[in-house]
Amino acid sequence: MRKFVKRNWKNCFCIVCALAVVLAFSAGCSFGKQSTLEKIEDKADKINDIIDTYYLNEVDEKNIEENVYKGIMKGLDDPYSVYFTEEEYQKLQEETQGSYVGIGVSVRQDTDTGYIKVIEAFENGPAYSEGIRKDDYIVEVNGKDIKGQDLDNVVGEIRGEEGTTVDVTVMRTSDNQEYTYTVERRSVDVPTISYEMLEGDIGYIKISEFDVVTPQQYMEALEDLEEQGEKGLIVDVRDNPGGVLGSVVEMLQNMLPKGTIVYTEDKNGKGDTYTSDGTHEFKKPLVVLVNGNSASAAEIFTGAIKDYEIGTIVGTTTFGKGIVQKVYPLKDGSAVKLTVSKYFTPNGVCIHERGIEPDVTVEYDAEEQDGEEYSKEKDNQLQKAVSVIEENVQSK
């Protein structure tokens with residue numbers, strides 16, 4: 001057994017050394033070449049010998065190997081560049097398709113606390129039924145502290161086979177208390193779009209995230225509101241963590257005049273430009289609602305509307321994630337997600353770590369909700385958006 005472990009370790013680290021050098025070169029690092037390969041392999045052999053000689057318990061070779069790959073990505077010091085095991089990659093694919101087995105929450109990494117923030121708890125999901133709410137911070141999963149762990153890895157821990165349960169501990173900021181819920185994993189269809197007609201024939205569309213299914217849902221909502229006779233439209237991307245670039249581009253092609261939607265640039269100054277032909281330009285009064293949790297694809301949507309001046313941005317400054325990740329599948333079913341480029345709004349602005357400032361700044365008044373279930377009538381940001389639409393309708 002000992003010899004078998006050592007032999008596998010050597011094979012594993014030879015692969016790791018090569019992968020490390022490839023990633024380093026792709027990131028523009030100077031490290032590499034034969035001397036570095038020899039240094040890494042030599043140190044790995046020494047560590048392996050120590051484990052082989054002194055470690056008390058059984059060695060889980062697969063677990064060690066997977067964590068070596070994760071360590072390489074962590075060494076990039078980029079929270080958005082990660083390694084996915086085969087299982088984690090399968091779950092990522094399910095998530096972007098808009099249907100998955102889980103607990104029914106939308107989450108994002110909170111870099112300030114190191115924990116995972118609940119952006120939305122879907123009312124049709126098991127987490128909401130048990131008591132987990134928007135703005136809770138997930139601090140433990142199955143009794144394990146998850147501080148500083150990669151978002152995708154935590155999501156992988158929360159998800160699992162349908163019908164099984166997971167213990168999720170959250171910190172609630174309203175009372176600074178921790179609550180632990182045992183939540184059954186179920187098949188969840190992510191409601192990425194919800195919409196309704198508000199008073200005064202003002203259409204309202206809420207986009208929770210940009211998944212593969214979102215453009216079709218968005219177009220159905222637009223068409224329905226148009227048939228109902230909308231006079232203006234509010235698109236709410238507050239608390240929207242982003243999603244699939246192609247989805248937001250497709251949606252904006254049905255909103256913008258002819259021109260650039262967004263373009264990307266990699267470290268060599270090369271990239272892609274996405275455009276609109278202008279045949280479906282939205283010409284009615286338009287407001288986009290944003291806040292500090294509006295990120296990535298939500299900022300692409302906001303930035304394009306703002307740059308073309310076809311709508312008013314209302315709320316607070318957005319998150320500021322102006323970088324693009326690409327997933328590279330590997331032959332064994334695993335994958336690497338890597339930050340590969342920056343994106344720029346039509347006016348050539350990169351909003352990374354800056355965000356997009358609204359045209360009309362309105363801080364959300366949480367106290368107005370009186371601790372009750374959310375009410376649109378008491379949402380001061382939404383009500384400001386309504387007044388902006390009404391003013392624009394009257395001026396036409």
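Which residues in helix 8 do Thr214, Pro215 and Tyr218 of helix 7 meet?

**Figure 1. The whole chain, before the close-ups.** This is a predicted model, in which local features need pLDDT of at least 70, side-chain atom pairs count only at pLDDT 80 or more, and totals for chains, interfaces and linings use all residues. Residues are numbered from 1 along each chain as its sequence is written, and side-chain values use heavy atoms, with hydrogens and water left out. The protein chain has 10 helices and 19 strands. Helices (H or I, at least four residues) and strands (E, at least two) are DSSP runs, numbered from the N terminus. Of the chain's 396 residues, 47% count as buried. Buried means under 20% relative accessible area, exposed means over 50%, and partly exposed lies in between (1.4 Å probe, protein chains only). Now take contacts between residues at least 6 apart in sequence: 66% of them join residues at least 24 apart. A contact means heavy atoms within 4.5 Å.

**Figure 2. Helix 7 against helix 8.** Here Thr214, Pro215 and Tyr218 of helix 7 meet Ser247, Glu250 and Met251 of helix 8. This contact divides into 3 nonpolar, 2 polar and 1 charged residues. (Ala, Val, Leu, Ile, Met, Phe, Trp, Tyr, Cys and Pro count as nonpolar; Asp, Glu, Lys and Arg as charged; the others, Gly among them, as polar.) The two helices pack at about 25 degrees, and their axes are 9 Å apart. That makes helix 7 roughly parallel to helix 8. Axes are lines fitted to C-alpha atoms, for helices over the stretch in contact, and angles run from 0 to 180 degrees between N-to-C directions. Angles under 35 degrees count as roughly parallel, over 145 as roughly antiparallel, 65 to 115 as roughly perpendicular and the rest as oblique. Helix 7 passes helix 8 in a right-handed crossing. (Right-handed means that the near helix is turned clockwise from the far one by less than a right angle; anticlockwise is left-handed.)

**Figure 3. Helix 8 against helix 9.** Helix 8 spans residues 245-252, and helix 9 spans residues 297-307. They pack at an angle of about 25 degrees, with axes 9 Å apart. The pair is therefore roughly parallel. The crossing of helix 8 past helix 9 is right-handed. From helix 8 come Leu245, Val248 and Leu252. They meet Ala297, Ile300, Phe301, Ala304 and Ile305 of helix 9. By class, this contact has 8 nonpolar residues, no polar ones and no charged ones.

**Figure 4. Helix 9 under cover.** Helix 9 is mostly covered, with 9 of its 11 residues buried. Among them are Glu299, Phe301 and Gly303. Thr302 also lies in helix 9. Is Thr302 buried or exposed? At 0% relative accessibility, Thr302 counts as buried. Thr302 touches Val237, Val288, Val290, Ile313 and Ile356, leaving out residues up to four places away in sequence.

**Figure 5. The largest nonpolar core.** This core has 35 residues, and Tyr218 and Leu233 have the most contacts inside it. (A nonpolar core is a set of buried Ala, Val, Leu, Ile, Met, Phe, Trp, Tyr and Cys residues joined through side-chain atoms within 4.5 Å.) Elements that give two or more residues to this core include helix 7, strand 12, helix 8 and helix 9. Helix 9 gives the most, with 6 residues. Leu233 touches residues including Tyr218, Leu222, Met255, Phe282 and Ile389. Apart from this core lies another, of 24 residues, among them Tyr137, Val139, Val155 and Val168. In soluble globular proteins, nonpolar side chains tend to be buried together.

Figure 6. Gln253 lies in the loop between helix 8 and strand 13. At 31% relative accessibility, Gln253 counts as partly exposed. Asp277 is 24 residues away along the chain, but its C-alpha atom is 7.2 Å from that of Gln253. Beyond its neighbours within four places in sequence, Gln253 is in contact with Ile261, Thr275, Ser276 and His280.

**Figure 7. Two glutamates with positive phi.** Most residues other than glycine have a negative phi. Glu309 has a positive phi, near 55 degrees. Glu309 sits in the loop between helix 9 and strand 16. Its relative accessible area is 70%, so Glu309 is exposed. Glu353 has a positive phi of about 65 degrees. Glu353 is placed in the loop between strand 18 and strand 19. Glu353 is exposed, with a relative accessible area of 70%.
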